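Visitor: I'd like to go through this model. Can you take me around it?

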Amino acid sequence: MTTTTLDEAVERSPEEAAFDAIIEADSRVEPRDWMPEAYRKTLIRQISQHAHSEIIGMQPEGNWITRAPSLKRKAILMAKVQDEAGHGLYLYSAAQTLGITRDEMTQQLIDGRAKYSSIFNYPTPTWADMGAIGWLVDGAAICNQVPLCRASYGPYARAMIRICKEESFHQRQGFEILLTLMQGTEAQREMAQDAVDRWYWPSLMMFGPPDDESPNSAQSMAWKIKRFSNDELRQRFIGMLVPQAEILGVTLPDPNLRWNEETGRWDMSEIDWDEFREVLAGRGPCNAERLQRRRDAHEEGAWVREAAAEYARKQAANAGKAVA
């Protein structure tokens, strides 16, 4: 919260005391409530990064809309990509309640000053990647985001309720794609297993670095923005995957993965955190491509934004004349 010692508690302002009381009561901070500047900045960073991830995340799957194996698959994938665009808009709107504009957030992204989830910097060479992304990436997103429905900041928590419902559909869609492939030919089964092999470890990285190396987790949990640590969420996710992998008939690519009765946790191989840091630093397989496409889309859409702004200006002017 905002204080750590008794002396500091005595010196708290009424606004600080009210904020701490909201957090302590597990209630919601709303946009007009007073909040510490660090809390506001933390939320802007987290929510805007989440929004950027949804927008950039449209690219790996949008790549397959025209190449989906059937009209049904095309329609489902198109609906999913549209959902991701909507998620980005919900989240940008939530971030705007904290005093940052949509234009500022967009500029930070296309300038390369803002981060987004490292998972979206990997290629999607086969149709099976659509299944692996749905099952693994969206499955990890569900584990990560369902607790955010109880985040202490009201607009963020409310946005996450609808997002999580739609992510649940995305996860089931991915699972069904993989299940269909695993019931197909030998080549289809190999394609599905290959996709799982490539996406399994990056999906575990989505929860962030280990708890002892995560610079923001402790404070975010104290403010009840986050509810669980990175490692706790990663363990939950693995526990969800193991029985589902058995149903699918795929093998999770970790020979050391096993349940430890003594610790009550999953033992696993070490994650390649060097790879995680490289991708996060902009040196992943598709970082440059993803960001350039976002820049191109922003530039190509400038005329639409300008036309919409001019239309809104004329409408407002006409409304003013009518009132006069």
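Visitor: What kind of model is it, and how are residues numbered?

Guide: This is a predicted model, in which local features need pLDDT of at least 70 and side-chain atom pairs count only at pLDDT 80 or more, while totals for chains, interfaces and linings use all residues. Residues are numbered from 1 along each chain as its sequence is written, and side-chain values use heavy atoms, with hydrogens and water left out.

Visitor: How many helices and strands does the protein have?

Guide: The protein has 14 helices and 2 strands. Both kinds are DSSP runs numbered from the N terminus: helices are H or I with at least four residues, strands are E with at least two.

Visitor: What share of the residues is buried?

Guide: Buried residues make up 48% of the 324. Buried means under 20% relative accessible area, exposed means over 50%, and partly exposed is in between (1.4 Å probe, protein chains only).

Visitor: And what about contacts along the chain?

Guide: Among contacts with a separation of 6 or more, 75% come from residues 24 or more positions apart. Contact means heavy atoms within 4.5 Å.

Visitor: Pockets next. How much space lies in the largest pocket?

Guide: About 1,000 Å³. A pocket is an open set of points on a 1 Å grid over the protein atoms alone, with protein on both sides within 12 Å along at least five of seven lines; a cavity is a set where a 1.4 Å probe fits but cannot get out, and lining residues have an atom within 4 Å of a point. Grid points are joined across faces, edges and corners, and a volume is the space filled by probe spheres set on the points.

Visitor: Which residues lie nearest the centre of the largest pocket?

Guide: Of its 42 lining residues, Gln 49, Asn 144, Met 206, Phe 207 and Gly 208 lie nearest the centre. The elements supplying at least two residues each include helix H3 (37-56), helix H7 (128-145) and helix H11 (230-248). The lining divides into 18 nonpolar, 15 polar and 9 charged residues. Ala, Val, Leu, Ile, Met, Phe, Trp, Tyr, Cys and Pro count as nonpolar, Asp, Glu, Lys and Arg as charged, and the others, Gly among them, as polar.

Visitor: And the second largest pocket?

Guide: About 380 Å³ of space lies in the second largest pocket. It is lined by 17 residues, and Ile 55, Ile 56, Met 58, Arg 294 and Ala 297 are the closest to its centre. Two or more lining residues come from each of H3, H4, H5, helix H6 (102-110) and helix H13 (287-300). H13 gives the most, with 4 residues. By type, the lining holds 7 nonpolar, 5 polar and 5 charged residues.

Visitor: How many cavities of 30 Å³ or more are there?

Guide: The count comes to 1. The largest cavity has a volume of about 30 Å³ and is lined by Arg 73, Ile 76, Leu 77, Trp 127, Gln 173 and Ile 177. Helix H5 (71-96) and helix H8 (154-182) are the elements giving two or more residues to that lining, and H5 gives the most, with 3.

Visitor: Switching topic: is Ser 269 buried or exposed?

Guide: Ser 269 is buried, with a relative accessible area of 17%. Its place is in the loop between strand E2 (265-267) and helix H12 (273-283). The side chain of Ser 269 makes a polar contact with the side chain of Asp 254 (2.5 Å). A polar contact is a pair of N or O atoms within 3.5 Å; within protein, one must be able to donate a hydrogen and the other to accept it, and residues adjacent in sequence count only if both atoms are side-chain atoms.

Visitor: Which residues does Ser 269 touch?

Guide: Not counting residues up to four places away in sequence, Ser 269 touches Trp 201, Asp 254, Pro 255 and Asn 256.

Visitor: Where is Asp 26 found, and what is its phi?

Guide: Asp 26 is found in the loop between helix H2 (14-24) and H3. Its phi is near 60°, a positive value in a residue other than glycine.
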